[in-house]
Amino acid sequence: MIDRFSFMRTGVVTSVNPFFVLVDVGDTVIEAAYVVQSRPSVNDLVAVIRQGATWFVLGTSSATGGNGIENGSFELVTDIGTPSSWTLYNVTNTAFFTSIEDTEEAVDGTRLLEVVAATALTSTSIVYSSPMAVAPGDVVELSAYVNGYYPSPSPNTADGDLRALWFANALDAYPTTSAADTVIEAFTNIPELEDTPMRSLSGTATVPAATNAVRVGLRSVLLDGTGLHWDFATARIVG
């Protein structure tokens, strides 16, 4: 049988009518049917499945709302191969980052972020997003997916964590922050599992005082010959 398998993607609803919705999935807008009794609303985050040429909305996320950061699936790429609206900050030693095509591993869209060590020394780096406007006391939800990447024989020793980076205004760049980073969720010795989904990191944080912008931070701690793959980073205000 052709197209006998289905697969799932996530995206944000941009339009709703009595017959279908339009869903932005990795900057590609698709038309999907939905269950009449659970009609989505514009800006809902939904899961959609496809079999053959037919898309269907599986359900709406409990944390609804659009993604507050740009290029969260790393689909938009600069002329040097790095993802648009994302910046690399090397904390110790040096790592490289790039947006790569990987239709098998990517959670959303067809590309993901690859971060690799550039020296034999342990590198610690943070790749951070465009800013999202917030106010002190807001509750924000951050999420991202991660997998290990070991192009040469090496133990699964890469560590990663998802962080909220706080700024007094949207023009400030890391490490000019308004408060200490908040670690949303951490993962040590991340395995490389080629045939299984990437692992999700997620959680919430309360915006601290004197803070008007948040950026998603993807922190990678890598030995020589190791790397991490990241995908579908999101941020939204939930309270």
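Y128 has a relative accessibility of 5% and therefore counts as buried, a term that means under 20% relative accessible area, with exposed meaning over 50% and partly exposed in between (1.4 Å probe, protein chains only). The model is predicted, so local features need pLDDT of at least 70 and side-chain atom pairs count only at pLDDT 80 or more, while totals for chains, interfaces and linings use all residues. Residues are numbered from 1 along each chain as its sequence is written, and side-chain values use heavy atoms, with hydrogens and water left out.

A search of the whole structure finds 4 aromatic pairs; rings of Phe, Tyr and Trp (its six-membered ring) pair if their centres lie within 6.5 Å, and planes under 30 degrees apart count as stacked, over 60 as edge-to-face and the rest as tilted. Among them are the two pairs in this table.

| Pair | Centre to centre | Between the planes | Type |
|---|---|---|---|
| Y89 and Y174 | 5.2 Å | 75 degrees | edge-to-face |
| Y128 and Y174 | 6.1 Å | 50 degrees | tilted |

Y89 lies in strand β6 (residues 87–92) and Y174 in the loop between β12 (159–167) and β13 (182–187), so their pair ties together parts that are 85 residues apart in sequence; strands (E, at least two residues) are DSSP runs, numbered from the N terminus. Y89, at 27% relative accessibility, counts as partly exposed, whereas Y174, at 15%, counts as buried. The pair of Y128 and Y174 also links distant parts of the chain, with Y128 in strand β9 (residues 123–128), 46 residues apart from Y174.

Definitions and conventions. Helix = DSSP H or I, 4+ residues; strand = E, 2+ residues; numbered from the N terminus.
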